[in-house]
Amino acid sequence: ETAFHVAAVAATTLTQDHLNDDPNALKDTEQMIKIAQNFLERACPQYLQALEDTKGDPKSKQDRLVKVGRNVSSTMRFARRSSSRLELLALAVDQNDNNNSSSMMEKPVSAAPNNKFQYSKAKIDASMALLVKECSLMAEILSGENK
């Protein structure tokens, strides 16, 4: 397991966002803020601290958290749908192999039983690493460290 993947899973599980595929859920500001705060506590606490320490428009702080929450939520939803497609593909290939043992069809590497969820974890972690990098840079800017 990778750190950013674990943080994203924990953040979306806390609010049960991982069970929701309704695109309108991304408009739930309070839920997106909770997801962001939970994710950032684990992955980039300096950004949360910088937001707290920064004097300014509270709406701007809220907007920044909503952006992070939506990013985490959207990434997790995309990964779940991708994993589901890979799982269905693996099942279809397995059923085809069982029904036609002389089939020349080869299993795709991404659909192999041991690898079917690795693609999504790697994508989640890569996406969350970019988000954390952006948040780290913003924390430096907000705290005045990056002049």
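Me: To begin with, is E134 buried, partly exposed or exposed?

Reply: E134 counts as partly exposed, at 37% relative accessibility, where buried means under 20% relative accessible area, exposed means over 50%, and partly exposed lies in between (1.4 Å probe, protein chains only). Please keep in mind that this is a predicted model, in which local features need pLDDT of at least 70 and side-chain atom pairs count only at pLDDT 80 or more, while totals for chains, interfaces and linings use all residues. Residues are numbered from 1 along each chain as its sequence is written, and side-chain values use heavy atoms, with hydrogens and water left out.

Me: OK, and which residue does E134 form a salt bridge with?

Reply: The partner of E134 is K67, with the closest N and O atoms 2.3 Å apart; a salt bridge here is a side-chain nitrogen of Lys or Arg within 4 Å of a carboxyl oxygen of Asp or Glu. Because E134 lies in helix 5 (residues 118-143) and K67 in helix 4, the pair ties together parts that are 67 residues apart in sequence. K67 is partly exposed, with a relative accessible area of 46%.

Me: How many salt bridges turn up in the whole structure?

Reply: The search finds 2, and one of them joins the side chains of K59 and D63 at 3.6 Å, N to O.

Me: Where do K59 and D63 sit relative to each other?

Reply: Both belong to helix 4 (residues 58-99), and because they are 4 residues apart there, about one helical turn separates them. K59 is partly exposed at 46% relative accessibility, and D63 is likewise partly exposed, with a relative accessible area of 41%.

Me: Changing topic, how many helices and strands does the chain have?

Reply: There are 5 helices and 0 strands, counted as DSSP runs numbered from the N terminus (helices are H or I with at least four residues, strands are E with at least two). Of the 147 residues of the chain, 33% count as buried.

Me: And Q37, what is it in contact with beyond its sequence neighbours?

Reply: Leaving aside neighbours within four places in sequence, Q37 is in contact with L48 and L65, contact meaning heavy atoms within 4.5 Å. Q37 is found in helix 2 (residues 29-43) and is partly exposed, with a relative accessible area of 32%.

Me: How far is Q37 from A11 in space?

Reply: Their C-alpha atoms are 8.0 Å apart, although Q37 and A11 are 26 residues apart in sequence.
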